[in-house]
Amino acid sequence: MLSRRDFLAKGSAFCAITIYAPGTLGAQSQLLTPATPFVKEINSICEMCSTRCPITVESRQDKLFIRGNLNAKSFGGKVCARGTSGSKLLNDPHRLVKPIKRTGPRGSGMWQEIEWEEAYQLIAHNLNQVCDRYGPEAIAVSSKSGSLSSHAFHFGKVIGTPNIFSHGSTCPISYAVAAKVMFGNELKLDLENSKYILNFGHNLFEGINMSMTRGLLAAQEKGAVKVVVFEPRLSVMADKADEWHAIKPGTDIAVVLALSHVLIEEQLYDKSFVQQHVSGFEGFATSMAQYSPEWASEICDVSAGDIRRIARELAAAAPAALADHGHRCTFTPEEFDLRRGIYAINVLLGNIERKGGVYFAKKSKLYNKLAGEAVAPSLEKIKVDGLPTPVLPRIDLAEPQFKYAARAGGLYQSIIPAALLQQPYAIKAWVMSRSNPMQTVTDRTQVQNALEAMDFVVACDVYISESAAYADVVLPESTYLERDEEIGDMSSKNPAYALRQRVTETIGDTRPSWQIFKEMADAMALGHHFPWQDIVDYQQRQTANNPELLPQLRKEGFLSFGIPLLMREPDMVAKFRQHYPNAQPPSERGDYGNQLQFSTPSGKIELTSPSLEEIAPGRSVISYRPVTLKQPNELYFIQGKSALHTNAATQNIPLLFDLQPDNPVWIHPDTAAEFRINDGDSITMTSQVGEEQGTAKLTLGIRKDTVFAHMGFGSKNQELTRAFGKGLHCGALLPDATAAITGSNVHTTGVTIRRA
Ligand SMILES: Nc1nc2c(c(=O)[nH]1)N[C@H]1C(S)=C(S)[C@@H](COP(=O)(O)OP(=O)(O)OC[C@H]3O[C@@H](n4cnc5c(=O)[nH]c(N)nc54)[C@H](O)[C@@H]3O)O[C@H]1N2
Ligand SMILES: Nc1nc2c(c(=O)[nH]1)N[C@H]1C(S)=C(S)[C@@H](COP(=O)(O)OP(=O)(O)OC[C@H]3O[C@@H](n4cnc5c(=O)[nH]c(N)nc54)[C@H](O)[C@@H]3O)O[C@H]1N2
Ligand code: SF4
Ligand SMILES: [Mo]
């Protein structure tokens with residue numbers, strides 16, 4: 001058994017600088033050599049962030065070079081700074097490459113390396129014990145959603161717990177729930193062809209989504225687009241925009257509703273679209289009548305004249321104009337009506353399924369139906385019969401208002417009160433994969449308390465993350481460069497698929513998620529619920545009706561089928577019909593507007609949703625509700641992504657760490673002067689739940705009442721030797737607050753600052 005202290009001692013004897021925890025590549029370096037890539041070039045998928053861009057990995061002299069897969073045109077054949085750094089993760093001596101079990105108190109850094117079999121037996125014994133004592137519902141299973149999460153989620157279903165969570169409530173859940181309620185489905189943005197883009201804190205040049213970022217860049221390079229950004233700080237996005245409005249945090253909804261007010265009052269909306277496709281317009285229009293630009297400007301610090309002008313400019317550019325619904329939707333407790341309000345602008349502009357507007361992904365089923373022939377292969381859904389039915393409802397369904405959120409990945413943060421207060425009932429064990437809630441769910445202290453209160457915790461990660469440091473067993477997943485995965489649907493304007501493939505042999509004793517969760521089920525005598533033999537068998541089941549798809553994807557990595565289609569764009573529909581002679585006949589307008597279907601109760605776009613009254617009285621009509629995000633003596637504390645790091649996942653990766661080791665706090669010079677803070681000073685930031693140390697960065701590019709920091713820094717886990725204690729820990733300052741209906745975890749709070 002080795003403790004962190006032993007390693008410190010050992011480390012100082014053998015090497016003056018670096019200390020490695022058991023289970024890491026560094027600790028095993030004498031036994032292990034770096035990975036050898038397989039062949040010259042393999043196509044795969046990046047996982048340095050959850051955008052998951054298609055990549056081509058080339059090996060030259062045993063080194064890996066990662067670039068974008070040219071087949072994936074919308075990604076531009078490019079990767080970002082993090083995407084090129086994959087081999088730094090692969091070969092990082094701090095990376096976990098052997099299962100470990102805890103041998104001291106949680107968080108003490110006392111670990112012992114164990115074999116996989118022992119890890120599985122330990123996990124099976126402890127999870128079975130929790131099941132026997134409290135029922136399977138007492139086990140929470142969580143994973144960041146994406147290509148690897150389906151195996152963790154399936155494991156949750158197999159053991160019979162309803163308490164399965166994605167990261168959604170800390171990220172996109174609000175726009176997902178709002179879209180589901182209004183349209184029955186999620187929407188995508190046609191940034192590249194847009195002439196006018198409204199952006200409410202979608203930080204596309206730092207919170208990078210390669211295809212969207214490049215789409216926006218392409219539009220800006222053409223010079224034919226106007227971009228208007230509402231942001232409390234001068235983000236790179238704001239800097240590259242035509243107009244930046246330094247909006248007060250949490251008040252975007254006022255601008256959004258006032259824009260609709262003007263579009264309706266001045267009759268600037270698309271009446272025929274509304275008439276054909278929209279339900280509840282009258283109720284919506286009545287509600288909007290009260291939200292004048294003058295009313296809004298009092299709330300949000302954007303002038304009434306600007307709001308009126310922007311509404312008119314938008315309408316003039318429509319339908320090639322759009323309001324971006326954003327990505328991380330955690331600014332305010334009123335996210336639901338903020339995101340519904342943003343969608344409503346698009347509906348009024350009549351930009352649905354138009355160039356430069358918004359559209360639905362064209363998956364093969366719809367595409368083939370419209371084409372009248374099998375243009376694109378379809379993936380089989382892999383069904384497993386005979387799974388247990390949980391007796392209790394999900395912990396986040398104690399309140400019926402979260403019905404939609406529960407289906408969209410759930411309220412991740414609800415694990416904390418369930419563990420600490422048994423509300424609505426006790427969670428006693430936590431199986432987490434590819435998730436670092438200690439950093440990414442609000443109120444770190446309570447997350448730590450919840451982890452300490454658990455009977456048993458399993459973490460599956462590539463590092464001993466801040467959260468994994470509190471687990472009983474940590475399972476090392478192979479990095480994305482070392483593992484195969486199932487085929488993923490990447491359809492946009494036409495159907496597309498992508499495949500992740502191993503590009504190099506596995507270093508150390510790591511395994512992929514598909515294998516880990518299958519083998520965990522085996523150890524619990526539940527392996528029959530994972531009927532596929534291995535990932536190839538799984539891929540073959542996915543392609544049972546189109547066996548040629550798999551070899552094609554192995555070669556190409558990314559495949560798209562057919563030609564791009566927007567259903568209400570007559571020239572695209574005409575081209576589509578030329579391509580596919582058996583295609584559906586168009587409407588009188590020469591488009592497929594008549595084929596648009598919305599899986600909502602009314603079958604139309606619901607600008608007002610009467611059915612919401614059953615789960616949340618008073619919520620059917622979009623309206624303004626004031627929120628309090630800070631006390632009068634406090635500053636708003638907001639966060640955002642760094643272009644050089646991914647959330648709380650890359651701070652310890654060599655190169656990325658060197659490029660940005662911490663997160664200085666942005667403060668306006670006038671505010672800093674008030675507190676006698678100079679640029680570079682150490683500061684203390686205090687909120688109602690925590691106190692953190694940081695460094696001041698004085699900039700005119702932020703509101704005087706607001707401070708900002710990149711998220712993901714200030715790790716309190718010493719196994720992450722590089723990242724430990726570097727910068728300010730955002731989650732430690734954020735109180736737990738949940739938005740209505742969407743269940744999103746609110747990331748804005750009030751803080752005070754002083755010189756440390
Ligand atoms: N305060 C604050 N909190 C936030 C945010 C914010 O802006 N401010 N942003 C929110 C957002 S948008 C999101 S999406 C969430 C993200 O939060 P999480 O879902 O927790 O995700 P990450 O921080 O991206 O990474 C989680 C873990 O995945 C591990 N990992 C990386 N690759 C692999 C792999 O291949 N396999 C396995 N098993 N593990 C891997 C990393 O080491 C890391 O420990 O955070 C949210 N939380
Ligand atoms: N380089 C990089 N790329 C990433 C990620 C990463 O970590 N690094 N993460 C990926 C993930 S998981 C996601 S979700 C996306 C995130 O994509 P985004 O959602 O675009 O990312 P954030 O940087 O969190 O953006 C939030 C922005 O909103 C601003 N803001 C805060 N409060 C308010 C407010 O009340 N109103 C307005 N208008 N603005 C406000 C912040 O200053 C910040 O610039 O990026 C993805 N891509
Ligand atoms: S945006 Fe960058 S890090 Fe994220 S998947 Fe794409 S290349 Fe990888
Ligand atoms: Mo996210």
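Hi everyone, let's start inside the protein: ligand 3 sits in the largest cavity, where sitting means that more than half of its atoms lie within 2 Å of the cavity's grid points. This is a predicted model, so local features need pLDDT of at least 70 and side-chain atom pairs count only at pLDDT 80 or more, while totals for chains, interfaces and linings use all residues. Residues are numbered from 1 along each chain as its sequence is written, chains are lettered from A and ligands numbered from 1 in the order in which they are written, and side-chain values use heavy atoms, with hydrogens and water left out.

A cavity here is a set of points, on a 1 Å grid over the protein atoms alone, where a 1.4 Å probe fits but cannot get out, and lining residues have an atom within 4 Å of a point. Points are joined across faces, edges and corners, and a volume is the space filled by probe spheres set on them.

How many cavities of 30 Å³ or more are there? The count comes to 2.

The largest has a volume of about 80 Å³. Its lining includes Cys-46, Cys-49, Cys-53, Cys-80 and Met-210, and divides into 8 nonpolar, 2 polar and 2 charged residues. For those classes, Ala, Val, Leu, Ile, Met, Phe, Trp, Tyr, Cys and Pro are nonpolar, Asp, Glu, Lys and Arg are charged, and the others, Gly among them, are polar.

Around ligand 3 we find, among others, Arg-52, Val-79, Arg-82 and Ile-208, each with a heavy atom within 4 Å of the ligand. That shell has 7 nonpolar, 2 polar and 2 charged residues.

The second largest cavity, of about 30 Å³, has His-645 and His-710 among its lining residues. By class, that lining has 1 nonpolar, 7 polar and 1 charged residues.

Finally, the domains, with bounds from an automatic or database assignment: domain 1 (100-171 + 394-536), domain 2 (187-359 + 597-615) and domain 3 (635-755). The centres of domain 1 and domain 2, taken over C-alpha atoms, are 36 Å apart.

Methods. 1 Å grid on protein atoms, 1.4 Å probe; cavity = no way out; pocket = protein on both sides within 12 Å on 5 of 7 lines; lining within 4 Å.
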